[in-house]
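Open the model in a viewer and keep the selection panel at hand.

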Amino acid sequence: MAPIIALAFAFLFFPLSSSVSALSSNYYDQTCPQLEQTVTSTVQKALQNDRTVAAALLRMHFHDCFIRGCDASVLLNSKGNNRAEKDGPPNISLHAFYVIDHAKTAVEALCPGVVSCADILALAARDAVVLSGGPTWEVPKGRKDGRISQAIDTRQLPAPVFNISQLQQSFSQRGLSLEDLVALSGGHTLGFAHCSSFQNRIHSFNATFDVDPTLNPSLASNLRSICPVNNNVRNAGTSLDSTNFKFDNMYYKLLLQGRSIFSSDQALVTDKRTRALVAKYASSQEEFENAFVKSMIKMSSITGGQEIRLNCRVVR
Ligand code: HEM
């Protein structure tokens, strides 16, 4: 009876992941002791050349974990008739895949065939946060790489137009709570958004308002000038907060002032429970960091793969 209950529990909490396997902090201690320093120095070098890499790696890990678990399915290239996740609409703006390739090459030279791409991505996301001035944590390891990656699955990623109940549903399907939603949305302390991601708030918002009335008016007019109705500047957009290369709690402070970028950010202040968490993280960097670390470990422990790839872009 006990295994049946355990299985039911696993499906209840991780219904979109194909397996739930134990991860551990010391997984590679014997087989690849230099793993972490190798990944860290690769991420560090990449960041020195391009500061936008940190945000890219953090978002890449999130998009990996939300589709088939953290199994590096987001890293696979399209092949033949198969359009991979990478080429699905929400992932077109993912970038810095080369950083994971470089880390994998360096790791393979030291410990061939041992370390999964999924673990390398989880470590790189942690390093991106640390190197941006955020908290550090022990990353549980032992993920396996998946063999399936389909662009159509990226429809399951939460959209920037989602309201609080849609966000809650998307997160709970992956065993993540409202607390996790608020803490992980703090990832928007780093990075950039293209006009298309917040267009809904600044033009034809609804039948009554052209502009989202919850959006701070001066931010709204700024965003409207960067992103006119028929915007044809492909890279036009805005930073996600005013200190977007620094991992801090500015995102929450701005959110309370109607200065967040996406409807899905603004949604966090429309519910009493999530609003209280936003206020808590806005007033304490330490509370935010503790919550973020806890939720990152939870999100990055959704497993799903089967093998160790040799090249992160192709199945074995
Ligand atoms: C709660 C649901 C979420 C939604 C709807 C969402 C949506 C988005 C969208 C639309 C963008 C901008 C894409 C573009 O225009 O290029 C973005 C950027 C970003 N997101 Fe999220 N996101 C969510 C949660 C998260 C989480 C959980 C994390 C990480 C913990 C995260 C980290 C980031 C980062 C770092 C960027 C900037 C990427 C860059 O500059 O390359 N997001 N997000």
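Which element gives the largest share of the shell around the ligand? Select H3: five residues of the shell come from this helix, the largest share. This is a predicted model, in which local features need pLDDT of at least 70 and side-chain atom pairs count only at pLDDT 80 or more, while totals for chains, interfaces and linings use all residues. Residues are numbered from 1 along each chain as its sequence is written.

**The ligand shell**

Now select everything around the ligand: 26 residues surround it, the closest being Ala-55, Ser-93, Leu-184, Gly-187 and Gly-191. Helices (H or I, at least four residues) and strands (E, at least two) are DSSP runs, numbered from the N terminus. Colour the shell by residue class: 16 are nonpolar, nine polar and one charged. Ala, Val, Leu, Ile, Met, Phe, Trp, Tyr, Cys and Pro count as nonpolar, Asp, Glu, Lys and Arg as charged, and the others, Gly among them, as polar.

**The two domains**

Next, colour domain 1 (17-157) and domain 2 (164-297) separately; the bounds come from an automatic or database domain assignment. Each domain gives at least three residues to the shell around the ligand. Over C-alpha atoms, the domain centres are 24 Å apart. Select the contacts (C-beta atoms, placed from the backbone, within 7 Å): 16 residues of domain 1 meet 15 residues of domain 2. On the domain 1 side, H3 again gives the largest share, six residues. That side divides into nine nonpolar, five polar and two charged residues.

**Helix H13**

Move to H13 (residues 285-299), whose 15 residues reach 21 Å from first C-alpha to last, close to the 21 Å expected at 1.5 Å a residue (1.5 Å times one less than the number of residues). Its buried residues pack against H3, H7, helix H10 (250-256) and helix H12 (272-283).

**Confidence**

Finally, colour by pLDDT, the predictor's confidence in each residue, from 0 to 100. The mean for the protein is 94, and 93% of residues reach 70 or more. Where pLDDT is low, the predicted coordinates should not be read in detail.

Definitions and conventions:
A residue is near a molecule or strand if its C-beta atom, placed from the backbone, lies within 6 Å of it. Two residues are in contact if their C-beta atoms, placed from the backbone, lie within 7 Å.
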